[in-house]
Every structure is written in structure tokens, then in C-alpha cells.
Amino acid sequence: MTGLASAFFAILRRDLMLAFRHRGELANPLLFFLIIVTLYPLGVSPDPELLRRIAPGVIWIAALLAALFSLENLFRSDFDDGSLEQMLLSPQPLPVLVIAKVLAHWLVSGLPMLLLAPLLALLLDMPAKAAWALETTLAIGTPLLSLIGAIGVALTVGLKRGGILLTLLILPLYIPVLIFATNAVTAASAGMPVEGQLYFLAALLVLALTLAPAAVAAALRISMS
Amino acid sequence: MWTFFHKLASPKHFYRISGLLIPWLGAITALLLLSGLYFGLFKAPPDYQQGESYRIMFVHVPAAWMSMFIYTFMAVLYAIYLIWNIKLADVMASSSAAMGASFTFLALVTGSLWGKPMWGTWWVWDARLTSELILLFLYLGYIALVSAIEDKRTAARAGGLLILVGVVNIPIIHYSVEWWNTLHQGPTVTKLDKPSIHASMLLPLLLMALAFQCYYFTLVLVRARTELLDRERRSAWVKELFG
């Protein structure tokens, strides 16, 4: 057990350290998130009434795209330098190592999105209640995005141009998250209870946490064979 | 019984047996299709609300059924492939994908053609239409992934995993889309209400559904045979067959 725990934390620590050594790259998905949201008032209308209405969808779609964008590199460098192969060969169960990698990825990409979201809520003139719901849905939803997305990344890691393919594979699977999350935020801004949607999201998170690591592990083994 | 299945799983026997089956299946397809069209276009009475235009249902509904059937069938085949490593299952599944996507597309197009006179618009974000569109995306994603991977074995396993992940997600997507739509707009969209459809309309519908099913099996066998010959072109039995 200690071997498993130490492998888990070793990967977590290594990935976090690698991420902080490339601080510039960390900021890119965040900037992407911010810029996409900025484009909407410019492209649609600066009318605050309208912005308030479309805000949940705008922020969540930007979050989906930013998550995909940052996920692309989840296994890339490990694949290139061969450490992914070492992980596959290690005696520790691969799904657990995958969870460590996804957790590290979420800490450096999902969590900052959570911190940036209140600012975006402000930009789009969301009421405080809706902003709170947005934070909660992002807190439950972004790990979900990382877990589901990791399956697609693992399937495409061996390919030369996996990027656009990844979007094709993964975006349809993101639809339930998008529906429940934006619905919760819309309901919150109308003053309605949002527990139902949040429970649904949490249930999806539990489901993904149970099944996705195994699928990612299988996909990695396929890609490396 | 089991020896029959084992034999069927071997490419050589599959090639022989499917060669025998195809003419029969083709003939049954033609028969069902012709009788279905005859009953559907000439015998079934016009609908009291929708007039003649409801007849597109005889193509639309079977196509939608097939689109869902083929995805499920592919998932079963890939489970067989990944568990028992039977190559033939992958040959069948990968030959099915393009047909599944075509049926999905056909269902969308016919639905849209029907929607224009009925709903007054080519497209509404109705839950079923949206689910069908997402199903098309899932098919296209699978096709894109498989064609992007050079090695056939890797492509098969990756595609199989994707289909299995998709099959877990389809009910979730379907129900979330349904839920999303009911919250957005209630029963403003007049849905095709079917209070126990009359026999004169049900008969052609069932005939057409069977015809589509047989059509799919005929064509998928033809495609699988071609694919099989391509993959096994270096094996002894293919050389024996074609000198």
C-alpha cells in the first residue's frame, strides 16, 4: 500500500513541479478562457440584459474549450520522453497513476479557472447568486471535464495531429456536463433551487471517477502497443 | 452449436457462409422493401391531420431505429473483439460505422424534410432531433479516430474503446438532452403523437423496418467480405481462392 501511495504522490509532485517550471504555459489556457468570454460582448451585443442571459452558456463553453486546449498536453511530454512507457511498465496499477496525473492537471488548469470565474461573472454582469452557482458548478464540473477528456487524450496521444481529432471525440461527451451546469446557473439567477442539478453533476463526477481511470489506462495501453 | 460459432469466427468460413447468405438476404430485402413501399405509399390511408406528408415516416422511423441499433450492435461486436480477440468482430463493426452514420444522416434529413411543412421550420432543437445529431457526431468521431490510426490492430482497439465509452455515455446524453429541452420549452413543439397507430400504417412501418434491417445485414456482409479479403490478402486461403 505504501508503494502505491508513494507512487501516487511521486507522480503528483513531479507533474506539479514540471508545471511550475513552465509557468508561462500555465497561463495560456486561462488567457484563452478570458479572451473567448471577451469576444462574446464584441460579437453579440454589449447589452447587459442580454449578456446576463447568455453568461452561463458563454462561460461554460469557454471552460469546455479551455479544458480541451490544456488537456492536449496531459500525456504528450511523457509520451515523447518515454516516461509514459515506464508508468505502463510499473508494478503499480495504472488507473491509480492516471488519477494522480489527472489530479495534477486539474490543480494547475481547473483550479485557476475557478479563481478566474468570478471576474468573468463580473464582466458579464451576473447576479451574485448566479456567480456563486457558477463557482460551484465549475468546482464539480472541471474535474469531470479533465477525467472525460483524459480518455480522448489517451486515445490520440500516439497520433501526429491529435488536436482537432480530440475535440471531435470529446466534445459530444461533454454535453451532459454543459447542460446540467448551465442549467444550474440559469436557475440560480432566476432565484430557483439548484440542488437537483448539482447532485446530478456530482453523480456524474462519481461515475467518471470510477470508470474513466480504467478507460484511460486501457486507452494508454492501446496507444503504446 | 459451439463448433458452428467457432467456425463462423474464422475468416475462411465466414467468407464462404456469408457468400451463401448474401443473395438470400438481398432477395428478402428487395421483397420487404417493395411490399413495404407498396403498402406505405398506396395502401395506407392519408393521415387525418398531416395528409400525405406523414408517409415520409416509413423511411424516417426505420432509419432512426437503425441508427441506434447499429451503434449498439457495434458496441456488442467490440465487446466481443476486446474480450475474446475475434478479429472478425472488428471487421464487422468497422464495416458498420459508415452505414450507421448514413442511417443517422438519413433520419435527420427526412425528419427535417417532414418538419418543414409540419412545424414550418427545417430544424427545431427538439430533444430527439438533438440526440440524433449528437449520435451522428459520435459516429463521425469514431470514423475520424479509426482513419487517423495507421495500424489496423491499434485502430480497432482504440475505436472499440471509444465505442464502448460512447455506449456508456449515450443514455446519459440522451436523458440530459431530454431534460434540457423540457426545461427550456414545454410542449410548444407538436410532437408526432401516436395514440396506438392504426394497423394499416403499422404494417408498412414494420415491413420497412425489417427491410432496413435486412438491407443493413446484406450490405455489411458485402463490406465485411471486401474488408476481410483486403486484410487477409497474404493468407493461404485467399491465395487459394483467387490463385
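**A helix pair in chain B**

Guide: This is a predicted model. In it, helix 3 of chain B and helix 7 of chain B form a right-handed crossing. Helix 3 covers residues 57-84 and helix 7 covers residues 199-231 of chain B, and their axes lie 9 Å apart at an angle of about 40°. Angles under 35 degrees would count as roughly parallel, so helix 3 of chain B is classed as oblique to helix 7 of chain B.

On the helix 3 side of chain B, the contact is made by Met57(B), Phe58(B), Val59(B), Val61(B), Pro62(B), Ala63(B), Trp65(B), Met66(B), Phe69(B), Ile70(B) and Phe73(B). Helix 7 of chain B contributes Met201(B), Pro204(B), Leu205(B), Met208(B), Ala209(B), Phe212(B), Gln213(B), Tyr216(B) and Phe217(B). By class, this contact of helix 3 with helix 7 of chain B has 19 nonpolar residues, one polar residue and no charged residues.

A pair in chain A can be set beside it. Helix 2 (residues 23-43) of chain A and helix 6 (residues 94-123) of chain A cross at roughly 25°, and their axes come within 10 Å. That angle makes helix 2 of chain A roughly parallel to helix 6 of chain A. The crossing of helix 2 of chain A with helix 6 of chain A is right-handed. In helix 2 of chain A, Leu26(A), Leu30(A), Phe33(A), Leu34(A) and Val37(A) take part, and their partners in helix 6 of chain A include Val108(A), Pro112(A) and Met113(A). The residues of this chain A contact comprise eleven nonpolar, no polar and no charged.

Technical notes:
Residues are numbered from 1 along each chain as its sequence is written. Chains are lettered from A and ligands numbered from 1 in the order in which they are written. This is a predicted model: local features need pLDDT of at least 70, side-chain atom pairs count only at pLDDT 80 or more; totals for chains, interfaces and linings use all residues. Side-chain values use heavy atoms; hydrogens and water are left out. Axes are lines fitted to C-alpha atoms, for helices over the stretch in contact, and angles run from 0 to 180 degrees between N-to-C directions. Helices (H or I, at least four residues) and strands (E, at least two) are DSSP runs, numbered from the N terminus. Angles under 35 degrees count as roughly parallel, over 145 as roughly antiparallel, 65 to 115 as roughly perpendicular and the rest as oblique. A crossing is left-handed if the near helix is turned anticlockwise from the far one by less than a right angle, and right-handed if clockwise. Contact means heavy atoms within 4.5 Å. Ala, Val, Leu, Ile, Met, Phe, Trp, Tyr, Cys and Pro count as nonpolar, Asp, Glu, Lys and Arg as charged, and the others, Gly among them, as polar.
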